[in-house]
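Please examine the model below. The report that follows treats its domains, its helices and the meeting of its chains in turn.

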Amino acid sequence: MQILIEYMSYPFVRYAVIVGVLIAFCSSLLGVTLVLKRMSYIGDGLSHVAFGALAVASVLKLSNNMLIILPVTVLAAVILLAFGKNAAIKGDAAIAMLSVGALAFGYLLLNVFSSSANLAGDVCSTLFGSTSILTLKRSEVILCLILSIIVVCVFVLFYNKIFAVTFDETFAKASGVRTGLYNLLIAVIIAVIIVLAMNLVGSLLISALVIFPAMASMRVFKSFKAVTVSSAVFSVFCALAGMIISMMTGTPVGATIVACDAVMFGVFCVIGAVRQ
Amino acid sequence: MSLISAKDLTIGFSDLVLYRDLSFEINEGDYVFVIGENGTGKTTLMRTLLGLRKPLKGEVVTDGLKLSEIGYLPQQTIVQRDFPASVKEIVLSGFVGRLGINPFYSAAQKKKALDAMKRFGVENLASRCYRELSGGQQQRVLLARTLCAATKVLLMDEPVAGLDPFVTEEFYGLVEKLNREGMTIIMISHDIAAAKKYASHILHIKNDPSFTEKKEYFASGKGNEFSIVREKGEA
C-alpha cells in the first residue's frame, strides 16, 4: 500500500492510470457488437496496421506519432470493412495479408532506419505495451481524453441503431436504416480505440481488451444493455487491477492487464455456469 | 390502387437469371403466399420488393408506400441464436427505422412495443433473454418487432420453418388476424396446406412464374401438380 501511494504521487503514474481507465472503458463498449458481428478479426487486423504506421512515424521522427497512426488506421478500417463485405475476394485472407504485411514492413522499417540502441526492446514494447504508458506527455493524455469522450458520445447517441444493426442487419436495412453508414461508423470507432489502446497494452494484445469483457459479460447477463454496462465495469476493473499489480510487482503492464482479463473471464464463466 | 406492383421483373444474379418478365399487383389487404422450390429465388424476390437489391430488369412500384410502413421478418441468422438481448430490447428495435435523427425511443413507441408484445403473448417474457426462448416464442417476438415497423405491409420469409405443427398453427392464426384487420401479408412458405387455407393469392416462382388468385391456382395444372408433389413428399 505504501508503495502504491508513493507511486501515485508521480504525475506520470497518475496520467497512466487515467489513460488506462479511459482506454479500458472505451474498448469494452463495442466488444459485444464486434464479437456478434463476427468482426473481431477487423480489430486484430487493425492493430497490426497500427503497428506498421507507428514504425513509419518513428522512422520519420515525428513529435506526435498519433498524427500518422490515427488516419492510417482509420483508412485501413474502411478498407478492411469493404473486403469483409466482398465475398468475391476472400475477405479473411485479404485481411490476414494486409495485417501480416503491415507487421513485417513495420519491423523491417524499424530495423533498417532505427537509430535506437535497444531495437529489440523498442519493438517489444510496441507489441506488448510495457513502458510507453509511463512516458505519456500531458498533451497525449488530453488527446486521449478527447478521443474517449467522442467515442462514448457517439456510442450513446447511436446505441439503438448499433443494436439494431448488430442484431439483424437485414431487418434494419429494410426499415430504412443506412446500415452501411453504421458499419462504417463502427469500424472507424474501432480504429480510434485501437490507436488509443496501443499505448496501454501494445498492438498484439489489443484484441484481448475488446473481446474478453464482452465474452465474459455475455455468459452472465441477459440483455444488451446489461452486457454493455457489465463489459465496461469488467474492463475498467481489470485495467485498474492490472496496473496496480504491475506497479507492485514490476510485471509488464499490458500483459498483466490481459492476464487479469483472462482470469476474470474464468470467474464469469463459473458464475454463468452456476446460474444455469 | 395497388400497393406494390412489379413490372416485368427479371430477377437473378449477374451471371444467373432466375426468371424473366414477372409482373403482378398486390392490393391492400391481400394475403399472398410465395411458393416454389428451394433456390428458385423467393428470398431474392422479397429483397427486391423491399428495395434491398436491384432487379436485373424491370421495376418495383410502391405507390405512396413508405419504407417505414413495411415490416420485414427475415429468416433467422446464426448471429441471433446466441444474441444476448432481452425480448423488450428486440421488440423495441422494430422502431429503429423511425428514429430518424433521434437517438432514443419515445415513450409512445415504448408503449406500442408493449402492446405488440401483449398481442402476441410475449409480454411476460419481456426481460427474458432472447436466446433462451423456444423457437415458437422467438418467432412471436420477431413478429412483434415486425409489427412495430409495419403499418401496412408485412413481408415474411419462411416464418414457420422449424416450428412444430401446433405452434405453426398458432402463428398462422396470429397472422390471419392481422390480415383481417387490413394488414397486407406477403409470406414465403413451403406449407401448401396453409396456402390453401389462408392465402388470397398465390405467387408461384419457378421457370415461368405466375401470380393468381388462390382458387384459380389450385384449379390449374401447376397448382395441382405442386400440391401433390408436396403432400407426397411430406407423407
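## The two domains of chain B

In this predicted model, 8 residues of domain 1 of chain B are in contact with 10 residues of domain 2 of chain B. On the side of domain 1 that touches domain 2, the residues comprise 5 nonpolar, 1 polar and 2 charged.

Domain 1 of chain B is made up of residues 1-64 + 154-161 + 190-235, and domain 2 of chain B covers residues 66-151. The C-alpha centres of these two domains are 26 Å apart.

## The make-up of chain A

Chain A contains 14 helices and 0 strands. Of its 276 residues, 47% are classed as buried.

## Two packed helices in chain A

Two packed helices are described by the angle between their axes and the distance between the axes. For helix H8 (residues 138-157) of chain A and H11(A), the axes come within 11 Å and cross at roughly 150°. An angle over 145 degrees counts as roughly antiparallel, and H8(A) is therefore roughly antiparallel to H11(A). The crossing of H8(A) past H11(A) is left-handed.

Which residues make the contact between H8(A) and H11(A)? H8(A) contributes A:Cys144, A:Leu147, A:Val151 and A:Val154, while H11(A) contributes A:Ile189, A:Val192, A:Ile193 and A:Leu196. By class, this contact has 8 nonpolar residues, no polar and no charged.

## An enclosed helix

Why is H9(A) described as largely enclosed by the rest of the structure? The reason is that 8 of the 9 residues of H9(A) are buried. The buried residues are A:Asn160, A:Lys161, A:Ile162, A:Phe163, A:Ala164, A:Val165, A:Thr166 and A:Phe167.

The cover over these residues of H9(A) comes from both chains. From chain A it includes helix H3 (31-36), H10, helix H11 (179-201) and H13. From chain B it includes helix H2 (78-81) and helix H3 (87-92).

## Where the chains meet

Between the two chains, 24 residues of chain A are in contact with 24 residues of chain B. On the chain A side, the elements that give two or more residues are helix H9 (159-167), helix H10 (169-174) and helix H13 (224-249). The residues of this side of chain A divide into 14 nonpolar, 5 polar and 5 charged.

Technical notes:
Residues numbered from 1 in each chain as written. Chains lettered and ligands numbered in written order. Predicted model: local features only at pLDDT ≥ 70, side-chain atom pairs only at ≥ 80, totals over all residues. Contact = placed C-beta atoms within 7 Å. Helix = DSSP H or I, 4+ residues; strand = E, 2+ residues; numbered from the N terminus. Nonpolar A, V, L, I, M, F, W, Y, C, P; charged D, E, K, R; others polar. Buried ≥ 20, exposed ≤ 12 C-beta atoms within 10 Å, placed from the backbone. Axes fitted to C-alpha atoms, helices over the stretch in contact; angles between N-to-C directions. Parallel < 35°, antiparallel > 145°, perpendicular 65-115°, else oblique. Left-handed = near helix turned anticlockwise from the far one by under 90°. Domains from an automatic or database assignment.
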